[in-house]
Amino acid sequence: MLPAVLDRIAAACRRASRDPAEVTLVAVTKGHDVAAVRRHVLAYGHRVLGENRVQEWRAKAAELGEEAGVEWHLIGHLQRNKVRMLRGVGLIHSLDSERLADALEAEGARRDETFRVLVQVNVAREEGKFGVAPEAAAELARHVASLEHVALEGLMTMAPYSLDPERSRPVFRGLRHLGDRLGVPRLSMGMSGDFEVAVEEGASWVRVGSALFR
Ligand SMILES: *Cc1c(COP(=O)(O)O)cnc(C)c1O
């Protein structure tokens, strides 16, 4: 339930001497229909939602309509040919290549809009997972900084799947050190299984799905 997740975020903030206002819950709604989203997320007044597929997001956004006042975050891998479909996206968590950054720049210039992005980093170096290697993050960040219509707001990572949240801690800490080094201290990290550890390690956004819908 969403209020319980917010309570757990607040408790993790207290443990880490952080202000809960520094942490934004991105309610991940993938795989849940609009009726469930209304019941489990919007009913609590929460308006920051995340989807990982462009098509599913567009369909849900259209069904909910603008009056729902939702700030949508795209958290999944983004293909360059989908950039034109990004209408009213609040934050893209998954920038992972210069070519995608260039596609966003071109679309942003065409519309006279700026896309807010996070660079996704594969801190754990998991085979077959999206995100740039930690040593490549600086170069991608520099590239984004040279673009006029793409604004770099931080870094994002996914920890390897584990039942033990402590296994995620070194990954989250690694992202924090990288963000500090690159001067982009805001971090998107932590999911249902490990968001409290992420908050303790400095997350600015936690992306929580299944814990909200149980
Ligand atoms: C699905 C998803 C989440 C949320 O996962 P839960 O374990 O359901 O909380 C977070 N981030 C990304 C990128 C996802 O695809």
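Which residues surround the ligand? Let's go through them: Val28, Lys30, Asn52, Ile75, Met158, Met191, Ser192, Arg207, Val208, Gly209 and Ser210.

Quick housekeeping before we go on. This is a predicted model, so local features need pLDDT of at least 70 and side-chain atom pairs count only at pLDDT 80 or more, while totals for chains, interfaces and linings use all residues. Residues are numbered from 1 along each chain as its sequence is written, and side-chain values use heavy atoms, with hydrogens and water left out.

Okay, back to the ligand. Asparagine 52 has a polar side-chain atom 2.9 Å from a ligand oxygen. For serine 192, a polar side-chain atom lies 2.5 Å from an oxygen atom of the ligand. Glycine 209 uses its backbone instead: an N or O atom there lies 2.8 Å from a ligand oxygen. On its own the ligand has 390 Å² of accessible area, and the protein covers 86% of that. Those areas come from the Shrake-Rupley method with a 1.4 Å probe.

Next up, helix α5, residues 137-145. Helices here are DSSP runs of H or I with at least four residues, strands are runs of E with at least two, and both are numbered from the N terminus. Which residues of α5 are buried? They are Ala137, Leu140, Ala141, His143 and Val144. These five cover an arc of only 160° around the axis, which puts them on the same side of α5. The arc is taken from the directions from the helix axis to the C-beta atoms. Here's the general idea: an α-helix has 3.6 residues a turn, so residues three or four places apart point the same way. On the face turned away from the buried side you'll find the exposed residues Glu139, Arg142 and Ala145. By buried I mean under 20% relative accessible area, by exposed over 50%, with partly exposed in between (1.4 Å probe, protein chains only).

And what do the buried residues of α5 pack against? Their partners are β4 (89-95), α4 (98-111), β5 (115-120), β6 (150-156) and α6 (169-182), where contact means heavy atoms within 4.5 Å.

Now, salt bridges. How many does the structure hold? It holds 18, each one a side-chain nitrogen of Lys or Arg within 4 Å of a carboxyl oxygen of Asp or Glu.

Take arginine 84 and glutamate 107, whose side chains meet at 3.4 Å, N to O. This pair links distant parts of the chain, 23 residues apart: arginine 84 sits in the loop between β3 (71-74) and β4, glutamate 107 in helix α4. Arginine 84 is exposed, at 53% relative accessible area, whereas glutamate 107 is buried, at 3%.

Another one joins glutamate 201 and arginine 169 at 2.8 Å, N to O. Glutamate 201 is buried at 3% relative accessibility, and arginine 169 counts as buried at 17%. Shared partners tie Arg15, Glu166, Arg169, Arg173, Arg176, Glu200 and Glu201 into one network of salt bridges.

One last thing to look for: serine 17 isn't a glycine, yet it has a positive phi of about 50°. You'll find serine 17 in the loop between α1 (2-15) and β1 (24-28), exposed at 70% relative accessible area.

Key
Near = heavy atom within 4 Å. Polar contact = N/O pair within 3.5 Å; in protein donor to acceptor, adjacent residues only side chain to side chain.
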